[in-house]
Amino acid sequence: MSTKVYFSRTITPEKVLELYQMIGQTLPGKVAVKLHSGEKGNQNFLGPDFWKPVIDFVGGTVVECNTAYDGERNTTEKHTKLLKEHGWSRYFKVDLLDAEGPDLKLDYPQGKVLKENYVGKDIVNYDSMLVLSHFKGHPMGGYGGALKQLSIGVASSYGKAYIHGAGHPEKKWDTEQDLFLESMADAAGSVVEYFEGNILYVNVMKNMSVDCDCCAVAEDPCIADIGILASTDPIAIDQACIDLVYACSDPGKPHLIERIESRNGIHTIETADALGYGSREYELVEVE
């Protein structure tokens with residue numbers, strides 16, 4: 001049976017909440033809300049005003065982790081300051097999961113490349129997770145969506161280097177590309193397994209640049225906004241976004257597709273599907 005992916009071409013904060021509610025599943029206990037807080041200088045990330053209705057509805061805590069590269073989010077002190085500057089701390093409880101070590105190791109023996117994953121240790125304080133993803137291109141992954149949020153996003157600073165290096169953090173910037181993509185799929189699977197099904201996903205196809213929200217200097221969006229998607233399945237929701245890009249008639253789509261294909265971005269989805277914690281098969285349910 002294919003997973004339902006709810007989709008609306010209307011992009012508003014209220015519509016995010018509406019699609020989330022259409023999933024029909026309640027997130028239990030203390031809810032971690034994983035999103036991208038935006039690198040300093042980035043113009044494309046989706047800010048607190050956009051996500052506020054759904055975060056308020058679930059009563060969640062915004063969670064982030066420090067980065068493994070230079071910038072304004074690679075130390076707890078700088079990242080905490082930027083979370084305030086971008087308005088997250090004004091609206092929500094905020095938790096840097098890896099603010100202090102040691103990291104939490106998640107064993108994942110079935111992984112194709114990684115048999116373990118390192119995440120911010122504060123994840124143990126949460127019973128469920130809402131993954132809010134800004135779908136767009138990515139300089140390394142080809143695209144960024146739910147699977148990237150689960151993997152690189154939830155990983156600690158060390159864990160990010162561990163994924164990028166396919167288990168060898170010292171090689172984080174010169175690993176063979178497919179090994180990196182497979183490592184992301186493994187890491188995402190470990191987080192899905194940790195929460196035992198208590199994760200829901202929203203992807204928003206807006207402000208779609210070929211660059212990530214982690215880029216301080218990012219290209220402007222190259223393709224018109226497409227819509228909002230919501231699902232219980234991180235693989236299905238990412239595949240649906242990819243399919244919508246290919247199906248659209250926007251003249252800017254070749255630029256985004258080139259970014260996805262040149263990095264073999266679909267391989268993350270292929271690997272995740274093979275690992276079996278979701279499926280590329282889905283039913284797109286379009287709503288007004």
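Visitor: Where is Ser 156 placed?
Guide: Ser 156 sits in the loop between α5 (146-153) and α6 (157-164). Bear in mind that this is a predicted model.

Visitor: Is Ser 156 buried or exposed?
Guide: Ser 156 is buried, with a relative accessible area of 0%.

Visitor: Which residues does Ser 156 touch?
Guide: Leaving out residues up to four places away in sequence, Ser 156 touches Cys 65, Asn 66, Asp 98, Asp 103, Tyr 118, Val 119 and Gly 120.

Visitor: And what does the side chain of Ser 156 reach at 2.9 Å?
Guide: The backbone nitrogen of Gly 159. Gly 159 is itself one of the buried residues of α6.

Visitor: How many residues of α6 are buried?
Guide: Six of the eight, so α6 is mostly covered by the cut-off of under 20% relative accessible area. The buried ones are Gly 159, Lys 160, Ala 161, Tyr 162, Ile 163 and His 164.

Visitor: What do the buried residues of α6 pack against?
Guide: They pack against β6 (116-119), α5 and α7 (177-195).

Visitor: What follows α6?
Guide: Ala 166 follows α6, and its phi is positive, near 55°.

Visitor: Changing topic. How many disulfides are there?
Guide: The count comes to zero disulfides, with a pair of cysteine sulfur atoms within 2.5 Å as the rule.

Visitor: Which cysteine sulfur is nearest to that of Cys 214?
Guide: That of Cys 212, which is 3.0 Å away. The cut-off is 2.5 Å, so Cys 214 is in no disulfide. Cys 214 is buried, with a relative accessible area of 15%.

Visitor: What about Cys 215?
Guide: Cys 215 is in no disulfide either. The nearest cysteine sulfur to it is that of Cys 214, 4.4 Å away. Cys 215 is buried, with a relative accessible area of 14%.

Visitor: Now the helices. How do the axes of α1 and α2 cross?
Guide: The axes of α1 (residues 13-22) and α2 (residues 48-58) come within 7 Å and cross at roughly 35°.

Visitor: Is that crossing of α1 and α2 left-handed or right-handed?
Guide: Right-handed.

Visitor: Which residues make the contact?
Guide: From α1, the contact is made by Pro 13, Val 16, Leu 17, Tyr 20 and Gln 21. From α2, Asp 49, Phe 50, Trp 51, Pro 53, Val 54, Phe 57 and Val 58 take part.

Visitor: How do the residues of that contact divide into nonpolar, polar and charged?
Guide: The contact of α1 with α2 has 10 nonpolar residues, one polar and one charged.

Technical notes. Residues are numbered from 1 along each chain as its sequence is written. This is a predicted model: local features need pLDDT of at least 70, side-chain atom pairs count only at pLDDT 80 or more; totals for chains, interfaces and linings use all residues. Side-chain values use heavy atoms; hydrogens and water are left out. Axes are lines fitted to C-alpha atoms, for helices over the stretch in contact, and angles run from 0 to 180 degrees between N-to-C directions. Helices (H or I, at least four residues) and strands (E, at least two) are DSSP runs, numbered from the N terminus. A crossing is left-handed if the near helix is turned anticlockwise from the far one by less than a right angle, and right-handed if clockwise. Contact means heavy atoms within 4.5 Å. Ala, Val, Leu, Ile, Met, Phe, Trp, Tyr, Cys and Pro count as nonpolar, Asp, Glu, Lys and Arg as charged, and the others, Gly among them, as polar. Buried means under 20% relative accessible area, exposed over 50%, partly exposed in between (1.4 Å probe, protein chains only). A polar contact is a pair of N or O atoms within 3.5 Å; within protein, one must be able to donate a hydrogen and the other to accept it, and residues adjacent in sequence count only if both atoms are side-chain atoms.
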